[in-house]
Amino acid sequence: MPSRLVVLVSGAGTNLQALLEAAEDPSYGAQVVAVGADRDDIEGLARAEKAGVPTFVRKVGDFTSRGHWDITLTDTVAAFEPDLVVLAGFMKLVGPEFLGRFTGRVVNTHPALCPAFPGTSGPADALAYGVKVTGATLFVVDEGVDTGPIIAQATVPVEDTDDVESLHDRIKVAERSMLVETVGRLAREGFTITDRKVRIG
Ligand code: GRF
């Protein structure tokens, strides 16, 4: 049986699209069983609908507290019985209920080389700092911001002519390949985490 992936998005969904396309091949070992978002009218949701994948939206502002949002998001995702939850450009921190329910099974992709430049402006922060190399990191989500055990990283050069958009675009090309390759391996081979070290297979 292929691993069941629930993917959460907040924007364009190009990482999601790469996963959807990879999962068309049965030998990939994983299928996207649902796509969730924290906002309406985003391309990520449209991509899921086009692929015939069920979608849901849970907006923080629709709940009386962040805690209620966390519980509802957790229950909604759990109903799809995921083996792995992939945060692919999901611009919210998931809460304690979510992490408790899916401990060690939530992965996130970040457009910087962790532990450098955590948070929502990784490419801009890398550019401003003047690093010559940056990239993307896939990690197992913990309660911190981009602090969890690292599963895979991909590097790209920073060019003298880069602006934030050109740098982020270059990162995203490397990020999508890394995400697709690594999620497939996680699904097919399994993984363990010991003292922060993630071992696949
Ligand atoms: C990715 O670079 C992700 O790491 C960051 O936002 C971007 C989302 O891209 N948090 P997309 O929505 O998958 O196109």
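Helices (H or I, at least four residues) and strands (E, at least two) are taken here as DSSP runs, numbered from the N terminus. The structure is a predicted model, in which local features need pLDDT of at least 70, side-chain atom pairs count only at pLDDT 80 or more, and totals for chains, interfaces and linings use all residues. Residues are numbered from 1 along each chain as its sequence is written, and side-chain values use heavy atoms, with hydrogens and water left out.

The chain is assigned domain 1 (1–103) and domain 2 (108–201), with bounds that come from an automatic or database domain assignment. Taken over C-alpha atoms, the centres of domain 1 and domain 2 are 19 Å apart. Their contact (heavy atoms within 4.5 Å) draws on 20 residues from domain 1 and 18 residues from domain 2. Between them the two domains bury about 1500 Å², 70% of it on carbon and sulfur atoms; buried area is the accessible area (1.4 Å probe) that two parts lose on being put together, summed over both. On the side of domain 1, Asn-15, Tyr-28 and Leu-87 lose the most area to domain 2, together 33% of what that side buries.

Next comes a pair of helices. The axes of α5 (residues 122–129) and α6 (residues 164–189) come within 9 Å and cross at roughly 115°, where axes are lines fitted to C-alpha atoms over the stretch in contact and angles run from 0 to 180 degrees between N-to-C directions. Pro-123, Ala-124 and Leu-127 of α5 meet Val-164, Leu-167, His-168 and Ile-171 of α6 in this contact.

Cys-114 and Pro-115 are joined by a cis peptide bond, with omega about 10°, and Pro-115 sits in the loop between β5 (106–110) and α5. Asp-41, in the loop between β2 (30–37) and α2 (43–50), has a positive phi near 55°.
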